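Have the sequence and the 3D view ready as you read.

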Amino acid sequence: PQTIYLKDYTPFGYIVEHVDLTFKLHPTATRVLSKIRFTPDTSTSDKMFFLHGEQLKLISAKIDGQEISPSYVEGGLQADVPDTAFTWEAEVEINPEANTALEGLYMSNGMYCTQCEAEGFRKITFYPDRPDVMSVFDVRIEADADNTPVMLSNGNGVSKGEGFATWSDPWPKPAYLFALVAGNLIAHTDQFTTKSGTEVDLAIWVRPGDEGKCAFGMEALKKSMTWDEEVYGREYDLDEFNIVAVDDFNMGAMENKGLNIFNSSCVLASPETATDGNFERIEAIIAHEYFHNWTGNRITCRDWFQLCLKEGLTVFRDAQFTADMRSEPVKRIDDVIALRARQFPEDQGPLSHAVRPESFQEINNFYTATIYEKGAEVIGMLKTLVGDAAYAKALDLYFERHDGQACTIEDWIKAFEDTTGRDLTQFKLWYSQSGTPEVTVREEYNGETFTLHLSQKSAPTPGQDEKHPQVIPVAIGLLNTDGEEVQPTMALELNKAEQSFSFEGHTTRPIASVLRGFSAPVILKQDIDNTRRAFLLAHDTDPFNRWEAGRDLARDSLLGAILEGAPHNAAYLDGLKALLCDETLDPAYRALMLGQPSQSELAGVIHKMGQIPDPAAIHTASEALRDAKARAFADMLPDLYAKNQVEGPFSPEAGPAGKRSLANAALALVTRLDGGATASQQYAHADNMTLQLAALSALIDAGKGASALQAFYDQWQSDRLVMDKWFSLQVMHAKPADSATVARTLTQHADFEMKNPNRFRSVMGILAMNHAGFHHQSGAAYALLADWLIKLDPVNPQTTARMCSAFQTWKRYDAHRQSLIKEQLERIATQSNLSRDTSEMVGRILD
Ligand code: HT7
Ligand code: ZN
């Protein structure tokens, strides 16, 4: 496969003035007629006329009304064209029903649907399918009126009648933002008035039967629209905003201009079918896609190497939104847990790449935690470094200067340089240097001056042996021994390999709280003992670092048990108990405090320590710590559980959701003491999915899940999204030695559908997340996953390739496991006709 390089970027030689598309929809033979007005771009030299096109049957092509025979080249076609403005017309035929890859135009449950990011439009018609080619689109859709009464596209609806609809999008957009949906759909509607007084018609379109699951998504949309006006000054710019829920979708959702398409799991919710976690995720994803209207659509990316320009910024914006709607510390802690679970292993393994990569084979493989989540961390650091006011000014300038353009990271950084006068050259290393920097802290105190000696180091990553010091904002605070702040939070700017920061006038030795709020995506190395951690757990005024102190204590306790067979740390359990009883603290925060590092995070830590992680030992120690917590908190758990029951009608708001999360965390521990009696009660009386699922999980863990699992199946078998939970739960809670068998049995279930990415992930994705089960020494889970990836690749390469990352940490483990995994990776790699997506991923992992 061909490698594409950032350094090779050249602009397209033509301006696309206007695009007219007509779709004659048919499940197996859709005709697409395009009429496109091109003008040579006099500012560019490359006048080769190349249009992307894949899997298209060309019926006819014309230039200025004259039939032509273009020449086919790899990935598209070329034609001789006039050196003045001309009109290109083509008619192509495509087969949506045969499109199981879910890129381009495909069918999902009888509904026509498109997915064009990153390079799907070229499977719809011949076009310069690159994000820097922006144009206005008019679309006419024709279909059988009985089966396909609703026909949607981007922009504003212009006309509709029996068997047709026309749409016009006045905003120039790249082809990846094109969308069309058609089928038998029902709308949940509402209205929004923008701050300048425009009335916008809002609709969430779903299959009949799902209309009762739209209200929460609609509220989330209106909150997002208000928030973007208030916080970023960004208004919506069309008369309509449509969202559609689709069952078969490769990712979470897509920000097509005026017509967002959502994986139904990311928009549909009712108290009976969705958990609190689902509600929060839906709110965040609706916000994310809506925010793209400015950060992604009005200002887009020049090329796919700049993907973080829209994704990092939009993730940062949606995190700000969630923090404002819910709890800021809880959101930050959740995000850091996710970053460490998904981005750190990526950054420290064979798939490590820069936030702005310099080459790729398949762009779909770069929709990663590094681009999204580390990309968002980079924005957060920039904001910390320049301050809130300068950040707001820089954003205003960015929107004003680049509206309607396809931009680069250089454009983004320049907006900050021009508003602050700062040289951000060194900061830009965050975009080009891959890997997770390690920051080491050493303290010195002489009776008056307290000094923090900081140093930074980054390990080599693929293709990057040499690393340069980066600009790292290290937020710190100082406490006295009574837990009072003697130095409020301030950001130190570490920009050299080693640097010291002194604080004068401290007549008693202060206690440092370092990397507050996780002010940079780094690994902090600090030689502090458990007494100091217990002090910070009890007193740190920074809620993130207070949680982090508990997390560090839990991690050290687990490492002691795993590596030395030591008993669990009593000081940790005492400190945690005091915190759990502290009713001045938010229940959601206390629930997070009860958590502990995941088994795969522990494996990563042990690997970093230069030792070989043993998944079975990690599993045993993790379970033992939960047992120790259950015993240590036995006297207060019933009270904690009872006090956090929520009375009255269900509300997905942060307050009641936090109480449910604490009650359910208590339930998981209580179950270790009462064998499932409380969980059975909860299951029997649960009137919402959050309580029902937590009770079912506890019963499975207690070995008493069989009848509840059957009852759950009987109750929910006709609800696809709830059935995904039924599949996931069984794999997630399977004992290590049984997990491959449980997963294999589920793949033989009549409701297992390989072609539906949600269902496939709910078995195979979850198998890879059951750490001790996936890494069971038999190798059965490795082989099962590989079998299914091989089966899925010809059907859906994008989802297959993503799931290959389950193997990315393979070099952490012992020789036996390494050879088992290598054998499976090689088996995948040597399949004939392996997709470019999967071949790139497996090649990089094996390298
Ligand atoms: N910008 C979108 C990313 C995307 C995608 C979404 C759905 C299916 C396939 C996709 N390929 C790329 C989603 C987002 O970040 O908002
Ligand atoms: Zn996005």
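## Strand 25 and its partners

E438 stands opposite I523 in strand 31. Four bridges join strand 25 to strand 31 (residues 523-526), and the two run parallel. Strands here are DSSP runs of E with at least two residues, while helices are runs of H or I with at least four, and both are numbered from the N terminus. Two strands pair if DSSP finds at least two bridges between them.

On to another partner: strand 25 (residues 438-445) pairs with strand 26 (residues 450-457) in the antiparallel sense, over eight bridges. Here Y445 stands opposite F450 in strand 26. The hairpin of strand 25 and strand 26 has four residues between the strands, and G447 takes a positive phi near 95° there.

## How to read this model

This is a predicted model, in which local features need pLDDT of at least 70 and side-chain atom pairs count only at pLDDT 80 or more, whereas totals for chains, interfaces and linings use all residues. Residues are numbered from 1 along each chain as its sequence is written, and chains are lettered from A and ligands numbered from 1 in the order in which they are written.

Which residues other than glycine have a positive phi? One is N109, at about 55°, in the loop between strand 10 (104-108) and strand 11. Another is F518, with phi near 50°, in the loop between strand 30 (511-514) and strand 31.

Are these two residues buried or partly exposed? A residue is buried if 20 or more other C-beta atoms lie within 10 Å of its own, exposed if 12 or fewer, and partly exposed in between, with C-beta atoms placed from the backbone. N109 counts as partly exposed because it has 14 C-beta neighbours inside 10 Å. F518 is buried, because 22 other C-beta atoms lie within 10 Å.

Look also at the peptide bond from E117 to A118, which is cis, with omega near 0°. A118 lies in the loop between strand 11 (111-115) and strand 12 (135-142).

## Around ligand 1

How many residues surround ligand 1? There are 14, and the closest are Q115, E117, N250, M251 and M254; a residue is near a molecule if its C-beta atom, placed from the backbone, lies within 6 Å of it. Strand 20 (253-254) and helix 2 (276-291) are the elements that give two or more residues to this shell.
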